[in-house]
Structure formats: C-alpha cells, structure tokens
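Have the viewer open as you read.

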Amino acid sequence: MQKSNVDIRSLQIGFGGLKVLENLDLHVGASEFLVLLGPSGCGKSTLLNAIAGLIDVRGGEIHVGGRDVTWAEPKDRGIAMVFQSYALYPRMSVRRNMSFGLTVAGTPRDEIERRVGEAAQMLRLTSLLDRRPSELSGGQRQRVAIGRALVRHAGVYLFDEPLSNLDAQLRAELRVEIKRLHARLGATMIYVTHDQIEALTLADRIAVMQGGVIQQLDTPKKIYREPVNRFVASFVGSPAMNFIPGQLARGSEVAFIAGVNRVSLNGYAFRSQPTDAPAVLGIRPEHIELTASNDPSAVSARVEMVEPMGADTLIWCRLADSTAFSFRHDADAQVRVGDTLNVRFPAEALSLFDETSGQRL
Amino acid sequence: MRLSLNSRLSAISALLPALLVMLVVYIGATSWTVWMSLTNSRMLPNNNFVGLRQYEMLLGNDRWITSVHNIVIYGLLFVSLALLVGFLLAVAIDQRVRAEDTIRSIFLYPYSMSFVVTGLVWQWLLNPTLGIQHVLRSWGFEGATFDWIVRPETAIYCLVIAGVWQASGLVMAIMLAGLRGVDDEIWKAARVDGLPKWRVYVSIIIPMMGASFATAAVLLSTGVVRLYDLSVAMTNGGPGIASEVPAKFVMDHLFERANIGLATAAATTMLITVIAVVAPYLYWRARKGEVR
C-alpha cells in the first residue's frame with residue numbers, strides 16, 4: 001500500500017464574501033497521523049473537504065503524493081474518506097457498501113473480493129458482511145465506513161469527525177481501533193475532531209485551528225505542555241488550564257505577582273526578555289502541588305468545592321484575591337470544603353501569556 | 001379510567017355527526033348500491049331480485065369492456081409516466097438551479113387546475129385543426145400529423161398525456177422532499193467513491209426513496225379509479241366509445257340511460273376490484289406493523 005504525503009500551499013477558500021481559509025500552509029508527511037483540532041466553525045472540516053476535493057478552492061495548491069491535485073476529481077486524488085454520519089448506502093449490504101465503488105471503477109472481481117475480505121477481517125466485520133446498515137449498531141456502521149475507505153487502498157485516509165455520533169464508551173473503543181489500524185497500515189491519516197482527547201491520544205502531530213488559522217502545529221506533548229497562546233492553552237486539556245491574571249515583576253529574580261501572592265519564575269523558559277507588564281499565568285490542574293505552610297513559595301487558598309473523579313479528585317479553590325482555580329489530587333485526599341490549603345506553582349510547569357495579545361511569553 | 005356520564009355524553013355527541021355520515025353515506029349507500037345491482041331496476045329503483053343477471057349483461061356489454069380496457073391502459077401508463085416525469089423534474093430541480101422556487105411553483109401549478117379545465121385545454125391543444133398540428137403546419141411543416149385525439153385507437157393516450165401533465169407536479173413535490181432528505185454526506189461519499197451521478201440516483205438514491213414512491217403511487221392510483229371528468233371534458237368518451245372509462249359508464253347509465261341495475265353492477269365491480277387490490281396491501285401493512 002502506498003503512503004502519500006500531503007502538501008498544502010497558501011490555500012484560500014471562501015464562500016461568497018466570507019473567507020474561511022487564507023494562505024494556509026500545511027505539510028503532512030507520509031505515514032503521519034495528523035489531527036486537525038478546533039471548535040466548530042474554525043475551518044478544519046473545510047480544509048479536509050478541500051483536500052478531498054469536495055469543495056472548490058479559490059487559490060493555492062494541494063499536492064497528494066507529489067502530484068498536484070488541486071483541480072482533480074475526488075476519486076482521482078488517491079484519497080479515501082470516512083464521514084461523521086457514516087454515509088453508508090442504506091439499501092446495500094455491508095459487502096456491497098464496501099465493494100460498490102470498486103465495482104463501478106471496473107476492478108476485477110477476485111481483486112475486489114480479496115480487498116473486501118481483508119478489510120472485513122481487519123475490522124472484525126466478516127460475520128456482518130450480508131447485513132444492511134440498518135441492522136448494525138453505530139459503532140459497527142462506522143467500522144463499515146472505515147472498511148469502505150480501506151478497500152480503496154488510498155495513499156491518504158481522511159476522517160471527518162468519525163466518532164462524534166457515537167456514545168462515550170464506543171468512542172473510546174473505536175479510537176483505540178483507529179490507532180491500531182494506523183500502526184498496522186502505516187498509512188497517512190488526516191483526522192478532524194473537536195474532541196481534544198481524541199486529538200491527544202491519536203495524533204503524531206496536532207494542528208490546533210481557530211478562525212481559519214493554524215494556531216499551533218506540534219506534537220501532542222508539546223501542544224499540551226507549551227501552548228503558544230491562550231486559545232490553545234484553554235482548548236486543549238480537561239479539566240481546563242487555570243488562568244490567573246497578574247503582573248510580571250523583575251527583582252532579584254523574575255516573579256509573577258497576583259494580589260498578595262508571589263510566584264517565583266526561576267526556571268521558567270521565557271521566549272523573550274521579560275518586562276514589567278501585566279500577564280496571565282496558566283497552570284494545569286495536575287501541576288499544582290500541595291506544600292507546607294512554611295514553604296516560602298506557598299500560596300494559601302480556601303477550598304470551595306471537591307469533585308471526586310474516581311482515579312483522582314478535583315479540588316476547586318479560591319485565592320485571597322478571589323481568583324478561582326482547580327487542582328488535581330489523589331482520590332484519598334482528606335480535603336473538606338472550607339479548609340485552607342497551601343499550594344505551590346512549580347515554575348517549570350507554568351505557561352505565561354501576554355495579557356493583551358494572549359501570546360506565550 | 002371511568003369517565004363521568006356527562007363527559008361521556010359530550011364525547012358521544014361530538015362523534016355523532018361523523019358516525020352518522022359514516023353509517024348513512026358510506027356503509028348505507030354502498031350497501032344500497034350493491035343491493036340495487038342485484039335487482040332489475042331501470043329508471044327508478046325497485047326491489048325485484050334477479051340474482052347476477054346484471055353482471056352477466058355487464059360482461060357482455062362492449063362499452064363496459066372498452067371502459068375496463070381503457071382504465072387498465074390509462075392506469076398503468078399514467079402512474080408510471082407521472083412517477084417518471086415527476087421524479088426527473090425533482091432531480092432536475094435538485095441540481096441547485098437558479099430560481100428554484102419559481103420553477104417549482106410552475107411545475108406544481110397544473111395540479112391546482114380541475115380536470116375539466118385540464119381536459120378542455122388539452123382538447124384544444126390536441127385538436128388537429130386548432131392545436132399543435134395546426135401550429136406546426138402553419139410554420140411550414142406541411143406533413144406534421146398529431147391527430148391522436150380524433151383516432152379511436154389512440155384517443156385514450158391523449159387522456160394519459162393530459163393526466164400526466166396535471167399530476168407530475170405533485171409527484172415532483174413529493175420526490176423533491178424525498179431527495180432533500182438524503183444526507184449530504186452520502187453524496188460526498190459517492191463522489192469519493194467515484195460514482196457517476198446517474199449511478200448514484202439509480203443504485204443508491206432511488207432505493208432509499210421507497211416511501212416517496214409509495215406515497216405518490218397511492219395518490220395517483222386513487223386518481224385512476226375516479227377518472228371521469230377528464231374523459232368527459234376532453235373527448236366525452238369518443239370518438240365513438242373509444243375513450244370510455246368505468247366511472248363514466250356508471251354515471252351515464254345511472255342518469256342518462258336510465259339503467260340503475262346495470263350502473264350499480266358496474267359500480268360494485270369497481271368496488272370489488274379496488275378491494276381486491278387494496279386488501280392484500282393493508283393486510284401486509286398490518287402484519288408488518290405487528291412484527292415491529
């Protein structure tokens with residue numbers, strides 16, 4: 001099976017007076033699993049549809065496997081696609097759903113049978129081949145849709161929010177299955193989702209999009225640990241990152257001042273020379289640590305709410321200046337509402353953002 | 001749950017008119033018609049029982065045989081052509097054409113016309129000395145011939161043309177609703193699969209639209225059974241008896257030819273035919289409902 005790379009150069013897409021994408025560049029390597037992540041209306045589905053050739057572009061170029069396919073028909077692009085609503089042909093059996101495209105394309109019958117058998121076996125559909133889509137569960141339907149894409153032996157597989165119509169448990173199961181499939185086939189996959197868990201678990205690289213612009217394109221770890229701006233920081237991660245407004249202050253060491261609290265920034269990797277400017281401190285709930293009251297970097301907070309989440313507990317607190325934040329602690333934490341805790345914000349786990357531009361400092 | 005006498009009374013009084021209409025008009029009149037078909041009533045109804053004599057006469061009646069023959073031709077052609085034309089119109093409109101609303105109204109417009117008006121319009125259009133043939137000849141196509149309406153063997157097809165013209169707009173509206181219900185992503189999937197458009201319609205969309213086709217076919221079929229005014233307005237059953245239809249046979253014998261016995265026998269035959277077609281279908285539907 002060939003594995004194509006995808007190269008998008010200054011792509012422009014618009015509908016009427018509305019510009020959806022402008023000068024978008026993106027390179028997806030062969031065998032890479034790239035996730036396009038963003039809220040609805042950010043242009044991620046539009047981008048995927050443009051790669052598939054289902055919508056016309058205004059400008060720019062799309063190359064798949066080194067071939068310029070900007071104006072090619074979808075079937076000639078060497079792509080296969082899986083849709084959110086499965087888009088199965090309802091009156092055809094599973095077997096015919098998978099084979100119909102190949103039959104119309106004139107593929108030899110034994111070749112079709114071989115490919116369908118192979119895909120069905122890979123997706124555990126062999127016993128369902130003679131059923132109609134209406135006789136299948138949601139998860140099975142989506143596996144059939146993936147199977148229909150696989151038999152095309154395409155260079156790139158496109159997924160348009162394939163798990164959004166499934167319930168939480170099935171979603172988790174099929175997510176693992178897709179990941180396994182990618183590991184086994186080594187195929188290039190571009191996957192659109194608004195679910196950051198899917199993005200973090202599946203992707204080799206994530207492109208976080210907002211307003212038609214790729215905000216950050218990086219590995220899941222980097223996106224999680226070092227978001228480039230406040231949008232990425234708040235969109236990725238659940239429970240969400242805490243944001244505390246305050247002020248940078250340079251003294252013997254650089255520190256972050258929020259009301260009466262002072263957080264040392266010794267060890268924080270600044271991108272540029274810090275100035276004494278208003279800033280926002282971001283920290284993920286699992287990076288906040290409990291500490292003793294005599295620790296000089298301790299910040300005291302009052303517990304407002306305790307959310308047990310099974311594996312751990314989410315504790316909602318309020319600082320003296322009434323800024324709220326949450327942090328994660330083990331499930332057996334003896335914390336009650338109204339308690340006063342001493343917590344520490346480790347500098348190496350922090351993210352600092354400019355107050356006005358929202359860019360990482 | 002027990003209702004008080006008062007609320008039960010008001011419920012009964014609310015239902016009573018409908019119940020009376022049902023009993024008197026439908027069941028009563030139908031039973032009376034069946035009974036009349038077993039008597040030798042001529043101009044006025046009487047109760048002289050003659051068994052199935054009227055049915056024997058009916059089956060020996062050329063005009064009735066022609067009527068039945070015609071309604072079969074009309075029924076098959078009208079339903080299939082109206083479905084075909086209506087579906088093609090809907091597909092054409094579904095291609096995101098400009099001024100879709102206007103075109104849709106124009107296509108649906110004939111349906112708002114009565115069969116009498118439709119019949120008259122088409123009578124003029126098809127009349128060789130007034131209509132299409134005349135126009136073509138006056139444009140210089142001297143050999144142009146379109147005289148179906150005055151030839152006995154083709155007159156019934158003129159009724160089909162007028163009927164299809166009138167009904168295909170309605171079929172289009174039903175089909176368009178069906179087409180709009182098709183998930184956009186199915187179209188996208190078909191494009192990625194590289195299926196030609198006609199193939200998508202034939203192999204994927206039409207099989208999905210069974211309900212739309214059934215609805216349209218049922219509506220059209222009821223129009224076939226009561227076909228009367230179109231024949232009267234367009235050809236008055238002519239030339240000769242070439243475009244007679246069963247409903248017209250019944251009306252003529254009931255009011256003009258003073259033969260109530262024969263007319264009611266014909267009406268009863270129509271009723272039995274309809275029941276013979278509909279009953280198995282209703283039975284099948286009821287069974288299907290139980291299974292689910």
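## Helices H8 and H9 of chain B

H8(B) crosses H9(B) in a right-handed sense (left-handed if the near helix is turned anticlockwise from the far one by less than a right angle, right-handed if clockwise). The model is a predicted one, in which local features need pLDDT of at least 70, side-chain atom pairs count only at pLDDT 80 or more, and totals for chains, interfaces and linings use all residues. Residues are numbered from 1 along each chain as its sequence is written, chains are lettered from A and ligands numbered from 1 in the order in which they are written, and side-chain values use heavy atoms, with hydrogens and water left out. Helices (H or I, at least four residues) and strands (E, at least two) are DSSP runs, numbered from the N terminus.

From H8(B), the contact draws on B:Ile186, B:Trp187 and B:Ala190, while H9(B) brings B:Lys197, B:Val200, B:Tyr201, B:Ile204, B:Ile205 and B:Met208; contact here means heavy atoms within 4.5 Å. Eight of these residues are nonpolar, none is polar and one is charged. For the classes, Ala, Val, Leu, Ile, Met, Phe, Trp, Tyr, Cys and Pro count as nonpolar, Asp, Glu, Lys and Arg as charged, and the others, Gly among them, as polar. The packing angle of H8(B) and H9(B) is about 140°, and their axes are 11 Å apart. Axes are lines fitted to C-alpha atoms, for helices over the stretch in contact, and angles run from 0 to 180 degrees between N-to-C directions. H8(B) and H9(B) are therefore oblique to each other, since angles under 35 degrees count as roughly parallel, over 145 as roughly antiparallel, 65 to 115 as roughly perpendicular and the rest as oblique.

## Two further helix pairs

In chain A, helix H2 (residues 94-105) and helix H3 (residues 109-122) have axes that come within 10 Å and cross at roughly 140°. H2(A) and H3(A) are therefore oblique to each other, and their crossing is right-handed. On the H2(A) side the contact uses A:Arg95, A:Met98, A:Ser99, A:Leu102 and A:Thr103, and on the H3(A) side A:Ile112, A:Arg115, A:Val116 and A:Ala120. These divide into five nonpolar, two polar and two charged residues.

Back in chain B, the axes of H3(B) and H7(B) come within 6 Å and cross at roughly 40°. This pair is therefore oblique, with a right-handed crossing. Its contact holds 24 nonpolar, four polar and one charged residues.

## The largest pocket

The largest pocket has a volume of about 1,400 Å³. A pocket is found on a 1 Å grid over the protein atoms alone, as an open set of points where a 1.4 Å probe fits, with protein on both sides within 12 Å along at least five of seven lines; lining residues have an atom within 4 Å of a point. Grid points are joined across faces, edges and corners, and a volume is the space filled by probe spheres set on the points.

Of its 36 lining residues, B:Ser221, B:Val225, B:Thr273, B:Val274 and B:Val278 are the closest to the centre. Helices H1 (5-36), H3 (62-93), H10 (210-225) and H13 (260-291) of chain B are the elements that give two or more residues to this lining. H13(B) gives the most, with 13 residues. By class, the lining has 24 nonpolar, ten polar and two charged residues.

## The second largest pocket

The volume of the second largest pocket is about 530 Å³. Its lining has 18 residues, of which B:Arg96, B:Asp184, B:Trp187, B:Arg191 and B:Lys197 are the closest to the centre. Helices H7 (155-180), H8 (184-192) and H9 (197-208) of chain B each supply at least two lining residues, and the largest share, five residues, comes from H8(B). The lining divides into ten nonpolar, one polar and seven charged residues.

## Backbone details in chain A

A:Ser238 and A:Pro239 are joined by a cis peptide bond, with omega about -5°. A:Pro239 sits in the loop between helix H8 (230-235) and strand E11 (242-250) of chain A. A:Tyr86, a residue other than glycine, has a positive phi near 70°, and its place is in the loop between strand E6 (79-82) and H2 of chain A.
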